[in-house]
Amino acid sequence: MGFQLVIAALNLVFPPDMSRAMTASAVALDRNGAWLRALPVDDGRWRIRADLQRTDPTFLRHVIRVEDERFYWHPGVDATSVVRALLSNLHAGNIVSGGSTITMQTARLLSPHPRSYGNKLVEALRAVQLEMRYSKSDILAMYLTLAPYGGNLEGVRAASLSYFGHEPQSLTLGEQALLISLPQAPEARRPDRHPKTAMAARNLILKRMAGANIIGSAQAREAAAEPMVTSRFVFPTLAWHTAGRLARAARGLQATVVTTIDANLQTRLETMAAATAKQQGPNSSVAIIVVDIKTRGVRASVGGGGLDRPGGWVDMSRALRSPGSALKPFIYGFAFEDGVVAPDTRLMDAPTRFGDYQPEDFDRVFHGEVSVKEALINSLNVPAVAVLNRIGPEAFQGRLEAVGVKLVVPKSGLKESGLALALGGEGIRLNDLAALYAALGDHGLARPLAYTVGEEQTSGGQRLMRPEAADRVISILRETPPPEGRLPGPLMKNANRPAFKTGTSYSYRDALAVGVAGGYAVLVWTGRPDGGARADQTGREAAAPLLFDVFDQLQAPSQVPQAIDPNGAPRGLKMLGTPESKASILFPPNNATVYVEVRDDKAALTVTRPLKLSARGLRPVEWYVNGQPLKLDANGEYSWSPPTEGFYDLSVIDAAGQEDRSHVRVKAIKGDIR
């Protein structure tokens, strides 16, 4: 009893050094078991954790039969093997056999040292300690993780992937024999450098196995005829950023991280992202996130446009960026839920000051009286700010934080961005934005994104907004005009019809498109990882086309836009704010200087974009310029192309005969002033 206590005390005071086993590389696999990425350890060595559940069971049996036949019966040291090895060494006059068990070999691999009788005794003691602490399966996995296989390869998985190009789940008999032979002399038997020596060592193992009746002689001859590998395969590196992050998070002896990524989809999207980044400029990058709405599993996560591009090592799929207008759907969704507006509520898109903040539309043109639906479809700024002002920016942020999404004020900005957050005044992590749209597509139910299969769930979550509010937003977003070159969804029999929103941040630093279709939420971002400005690359032009391409890859079914119920706003929500009964000009306002873009500097202006005139009053209204009636354009709207620079008198008369006037100055400017 006392001896056992002494042994137990020594075991606790002098535990085996497990650092090498604990620093082994974990492998990130896709949801179907395909390899994504592993991480090298010190000195660039591939020490990949063995996974017995994913290793050929016949190989495991053959390793034990050849290396340590009584592995499952001894306590770490096999007395029979030790006596036999001692007699062999005495007969030879030097150490020719160590009688080492798999557990003893594992102890030596954990703490490498020269061969000697003293060190052999230490190995034996450490082997007993390992047996006291770990199961036989754990010890076998450690051995197959630490065993050297030549060069910078450690572990059977690294060797199988490097030499054979596949995981050791299914190995030929010749491959098994080579893997058994390599750890005894890994450098001398490296098949990529010494194929003849490797073949001789492999065939010797086959001969031993046949002699011990582990395999038949015919099997041995057939395996010996297998060609010898002479080179190494390059390890896969799919989903570089996400797979690497998940592999780094592996703990202890965990061998494999099974992610939610679909390797086939990931491969296609990485190719598309690289092409898009190259097309948009030398400093541009791309991020793509695809979320299965049902489980919140991330099916693809592209963190950049390629590791060879500037900032390619930065994972932009989790970066903090400005969402531009991408949060507007949530402003309106919360307003629907709170009863502030309905889809057909009329709002004014006109120059408006909210305290010390005065937003303007992206194209610097105001549209007058519009519905909530029109404001969201056309991403008008003033109406969105007006609605946010009614529900309160603090309340808006609080509702997002309640489901785990935090908006961040830029360091260079004010302490609070206030109403500016409607236009991207606060940053958001792109994966959080993808999670918000997944919630929108799940009838307003929010759940965190799942990156591993074990995290996926089909129930639970927190309510972001009521189902009817979320569904109304989705219905409106489905009517957003598609990117140029894409036919509207209803005209394409088998087309995707995403409910999507774009966003563009200040100086075009971020171009975003986020959408929902066919059970998936997809986010596409393009921009510069360093946050630098770009020229004229909006979310609609730089991100939306790729968003539609991603949905094509998903083969999402077509979805016809649903009717919004109710079609008409309740009486109390017909108009947001206090309506004015008299006719009034909204744009251009009185005494304003209006800039028009021209193609040249000639006296007679060639305007690139006509001015869209806007007025409040009883429909229909009529416009006059210097007393001359203005005709409707092809779209049935009043637009005006001033013929020259100078001063003009504009007037509008509504159906009730009420009139308003404005006196404006027109100045020309070359190029795009957006």
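Strand β1 (residues 27-29) pairs with β5 in the parallel sense over three bridges, where strands are DSSP runs of E of at least two residues, helices are DSSP runs of H or I of at least four residues, and both are numbered from the N terminus; two strands count as paired if DSSP finds at least two bridges between them. Within β5, V257 is the residue that stands opposite A28. The model is predicted, so that local features need pLDDT of at least 70 and side-chain atom pairs count only at pLDDT 80 or more, while totals for chains, interfaces and linings use all residues. Residues are numbered from 1 along each chain as its sequence is written, and side-chain values use heavy atoms, with hydrogens and water left out.

The pairing of β1 with β5 belongs to an open sheet of three strands in the order β2-β1-β5, whose pairing is mixed. Its edge strands, β2 (35-38) and β5 (256-258), each pair on one side only, and the twist from one strand to the next averages 25 degrees. Helix α12 (residues 240-248) lies across β1, β2 and β5 and runs at about 60 degrees to β2; angles run from 0 to 180 degrees between N-to-C directions, and axes are lines fitted to C-alpha atoms, for helices over the stretch in contact.

A second open sheet has five strands in the order β7-β6-β16-β15-β14, with antiparallel pairing. Because β7 (298-302) and β14 (499-504) stand at the edges with a single partner strand each, one side of each is left without a neighbour in the sheet. Here the twist averages 10 degrees from one strand to the next. Strand β6 (residues 285-292) is joined to β7 by four bridges, the two running antiparallel, and V291 has V298 in β7 as its bridge partner. Helix α18 (residues 430-441) packs on this sheet and touches β6, β14, β15 (510-517) and β16 (520-527), its direction making about 150 degrees with that of β16.

Turning to helix packing, the axes of α3 and α7 come within 12 Å and cross at roughly 90 degrees. The two helices are therefore roughly perpendicular to each other, a term that covers angles of 65 to 115 degrees. Their contact, meaning heavy atoms within 4.5 Å, is made by F59, L60, V63, I64 and E67 of α3 and by L140, Y143 and L144 of α7. By class, these residues divide into seven nonpolar, no polar and one charged, where Ala, Val, Leu, Ile, Met, Phe, Trp, Tyr, Cys and Pro count as nonpolar, Asp, Glu, Lys and Arg as charged, and the others, Gly among them, as polar.

What lines the second largest cavity? A cavity is a set of points, on a 1 Å grid over the protein atoms alone, where a 1.4 Å probe fits but cannot get out, and its lining residues have an atom within 4 Å of a point. The lining consists of F59, V63, E67, Y143, L144, Y149, L179, I180 and P183. The lining comprises eight nonpolar, no polar and one charged residues.

Helix α9 also meets helix α10 (residues 195-211), their axes coming within 8 Å and crossing at roughly 105 degrees. The residues in contact include L173 and I180 of α9 and A198 and M209 of α10.

Conventions:
1 Å grid on protein atoms, 1.4 Å probe; cavity = no way out; pocket = protein on both sides within 12 Å on 5 of 7 lines; lining within 4 Å. Parallel < 35°, antiparallel > 145°, perpendicular 65-115°, else oblique.
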